[in-house]
Amino acid sequence: MSWQMRTVGALMRVTRRRRFADPDGGPALLARPKGPSDPPARLRRRCVVETDVVEGFAVHRVRARATAPGGPAVVYLHGGAYVSEIVRQHWSLVEDLATAPGPGVEVVVPIYGLAPQHHATDALRLTGAVLRGLLDEDRPVHLAGDSAGAGLALALALHHRPLGPGLLRGLTLMAPWLDLRMANPGIDAVEPHDPWLARPALHAVARSWAGGLPLTDPRVSPVLASEEDLATLPPVELWVGTRDITLPDTRLLAERLRAAGVAVRLHEEPGAIHVHPLLPVPEGRAARRELVRRAVDSLAVAPA
């Protein structure tokens with residue numbers, strides 16, 4: 001573990017951990033005003049950014065200036081515990097995907113509504129419309145997301161089937177929030193070492209995001225999907241650190257995907273904290289380079 005990772009972990013323990021460890025932190029998270037979600041000026045200077053409105057929500061389409069529209073697409077769903085808007089670190093990854101060497105991809109970023117005003121069914125309706133639009137144009141698609149957005153990406157792939165033969169090329173899930181109950185007994189051993197996240201505050205957020213759905217519904221807890229449904233997925237890349245409470249459910253998902261016959265790669269980074277590929281630390285930069293390469297490569301050629 002690098003000293004930079006240790007430093008970021010220590011900072012998170014001071015600035016974030018207390019909020020999540022407090023049961024009253026959940027209502028506070030839900031009550032916080034939402035931040036801005038527009039693409040930053042830096043991204044607009046370096047890339048072409050076009051914005052549509054789908055199902056009443058903004059959908060940003062980002063591509064390198066040399067990339068023609070209408071080609072392969074990465075649909076990226078940002079994290080933030082379903083209560084926080086997309087932030088600078090997410091946009092940085094979007095830029096890396098859009099400008100990566102390879103076939104030239106368009107990164108599609110749906111700005112889904114957040115709790116408590118919106119719920120999982122709203123997000124699935126929006127992202128489903130975005131995904132269907134791309135597939136109806138016969139465009140190969142890779143789904144990616146981090147944290148809550150990674151859970152949503154997996155739920156989207158499971159919920160909207162059939163997706164068109166060979167067009168959904170893969171999923172990249174970073175520290176995915178996979179079970180809103182957070183009931184995996186393995187979390188008990190990891191939680192004391194996670195300097196960022198804790199379950200007490202997240203329970204209220206989970207109930208709000210689920211809306212009228214039970215927390216066991218795969219639309220909000222996709223790790224609980226049936227083996228039959230999991231078997232329909234394309235190859236999956238999982239990225240998680242060992243000091244992250246999402247680790248036990250990420251391992252569980254990898255086991256369930258393998259049992260269902262799905263190709264899966266589980267990348268565990270020793271000592272890394274939540275969503276480490278988004279962090280400005282050596283482990284994060286290395287992970288980001290690799291996951292960007294793998295996502296873009298999945299779109300370069302038709303599957304065998």
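Which residues of α1 are buried?

Reply: The model is predicted, so local features need a pLDDT of at least 70 and side-chain atom pairs count only at pLDDT 80 or more, while totals for chains, interfaces and linings use all residues. Residues are numbered from 1 along each chain as its sequence is written, and side-chain values use heavy atoms, with hydrogens and water left out.

The buried residues of α1 are Met 5, Val 8, Gly 9 and Met 12, where buried means under 20% relative accessible area, exposed over 50% and partly exposed in between, with a 1.4 Å probe and protein chains only. These four cover an arc of only 100° around the axis, which puts them on the same side of α1; the arc is that of the directions from the helix axis to the C-beta atoms. An α-helix has 3.6 residues a turn, so residues three or four places apart point the same way. The buried residues of α1 pack against α2 (17-21) and α12 (282-298), contact meaning heavy atoms within 4.5 Å. On the face turned away from this buried side, α1 carries the exposed residues Trp 3, Leu 11 and Val 14. Helices (H or I, at least four residues) and strands (E, at least two) are DSSP runs, numbered from the N terminus.

Strand β3 (residues 73-77) runs parallel to β5 and is joined to it by five bridges, with Leu 77 having Gly 145 as its bridge partner. The pairing of β5 with β6 (residues 168-174) is also parallel, over six bridges, and there His 142 stands opposite Gly 170. By contrast, β2 (residues 57-64) and β4 (residues 106-110) pair in the antiparallel sense over four bridges.

Turning to the aromatic residues, the rings of Tyr 82, Tyr 112, Trp 177 and Trp 209 form one cluster, in which rings of Phe, Tyr and Trp (its six-membered ring) pair if their centres lie within 6.5 Å, planes under 30 degrees apart counting as stacked, over 60 as edge-to-face and the rest as tilted. The structure holds three aromatic pairs. One of them, Tyr 82 with Trp 177, is stacked at 5.7 Å centre to centre with 25° between the planes. Tyr 82 lies in the loop between β3 and α5 (88-98) and Trp 177 in the loop between β6 and α8 (187-190), so this pair ties together parts that are 95 residues apart in sequence. Tyr 82 also stacks with Trp 209, the ring centres being 4.1 Å apart and the planes at 5°. Because Trp 209 belongs to helix α9 (residues 199-210), that pair links parts 127 residues apart in sequence.

Methods:
Two strands pair if DSSP finds at least two bridges between them.
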